Amino acid sequence: MLNGMHHVAIICSDYQKSKDFYTRILGLKVLAENYRAARDSYKLDLALPDGTQIELFSFPNSPNRPSFPEAQGLRHLAFNVESVEQVCQYLTGLGIDVEPIRVDEYTGKKFTFFSDPDGLPLELYQQSYFK
């Protein structure tokens, strides 16, 4: 019935800073960028290589995330990477704090966490495909 994930929507506090983070630092491709004057809001459609998308929104005066990271609802976004170590090295080289690499006790795969400019928890997870 469900074929995969189409997109995840993120509301940011500083549109230009988050746009730079997701495009320049994380390398997501811009599919479309729209300014909606009636809402004083941007909507940026971004794509990962597998076709999964992130919608990045800006809304004036949006509330902060209730707590980190254990609030009800979405806990974090996890990105599939070939080498957790290489991506960690890249991110730390840009001054981004990355937690120590751990190993998932159930899958044996390496993973770690870092945050976007608004503190949204993001995970790097060693490449794995389930069929």
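**Reading a pocket and a core**

Biologist: In this predicted model, how do the residues lining the second largest pocket divide into nonpolar, polar and charged?

Modeller: The lining of the second largest pocket is made up of eleven nonpolar, six polar and three charged residues.

Biologist: How is such a space found, and how much of it lies in the second largest pocket?

Modeller: Rolling a probe the size of a water molecule over the atoms shows where empty space is left. Here the second largest pocket holds about 530 Å³ of space, and among the 20 residues that line it, those nearest its centre are Ile11, Pro63, Asn64, Arg65 and Leu120. Strand β1 (residues 7-12) gives the largest share of that lining, namely four residues.

Biologist: Which residues of the largest nonpolar core touch the most other members?

Modeller: That core has 23 residues, and the ones touching the most other members are Ile10, Phe21, Tyr22, Ile54, Leu56, Phe114 and Leu122. At least two residues of this core come from each of β1, α1 (15-25), β3 (41-47), β4 (53-58), β5 (77-81), α2 (84-93) and β8 (121-126), with α1 supplying the largest share, four residues.

Biologist: What is Phe114 in contact with, once its neighbours within four places in sequence are left aside?

Modeller: On that basis, the contacts of Phe114 are Phe21, Leu26, Leu91, Ile96, Asp97, Val98, Leu120, Pro121, Leu122 and Leu124.

Biologist: How many disulfides does the structure hold, and is Cys12 buried or exposed?

Modeller: A disulfide is a covalent bond between the sulfur atoms of two cysteines. The structure holds zero disulfides. Cys12 counts as buried because its relative accessible area is 2%, under the 20% cut-off, and Cys88, at 9%, is likewise buried.

Notes
Residues are numbered from 1 along each chain as its sequence is written. This is a predicted model: local features need pLDDT of at least 70, side-chain atom pairs count only at pLDDT 80 or more; totals for chains, interfaces and linings use all residues. Side-chain values use heavy atoms; hydrogens and water are left out. On a 1 Å grid over the protein atoms alone, a cavity is a set of points where a 1.4 Å probe fits but cannot get out, and a pocket is an open set with protein on both sides within 12 Å along at least five of seven lines; lining residues have an atom within 4 Å of a point. Grid points are joined across faces, edges and corners, and a volume is the space filled by probe spheres set on the points. Ala, Val, Leu, Ile, Met, Phe, Trp, Tyr, Cys and Pro count as nonpolar, Asp, Glu, Lys and Arg as charged, and the others, Gly among them, as polar. A nonpolar core is a set of buried Ala, Val, Leu, Ile, Met, Phe, Trp, Tyr and Cys residues joined through side-chain atoms within 4.5 Å. Buried means under 20% relative accessible area, exposed over 50%, partly exposed in between (1.4 Å probe, protein chains only). Contact means heavy atoms within 4.5 Å. A disulfide is a pair of cysteine sulfur atoms within 2.5 Å.
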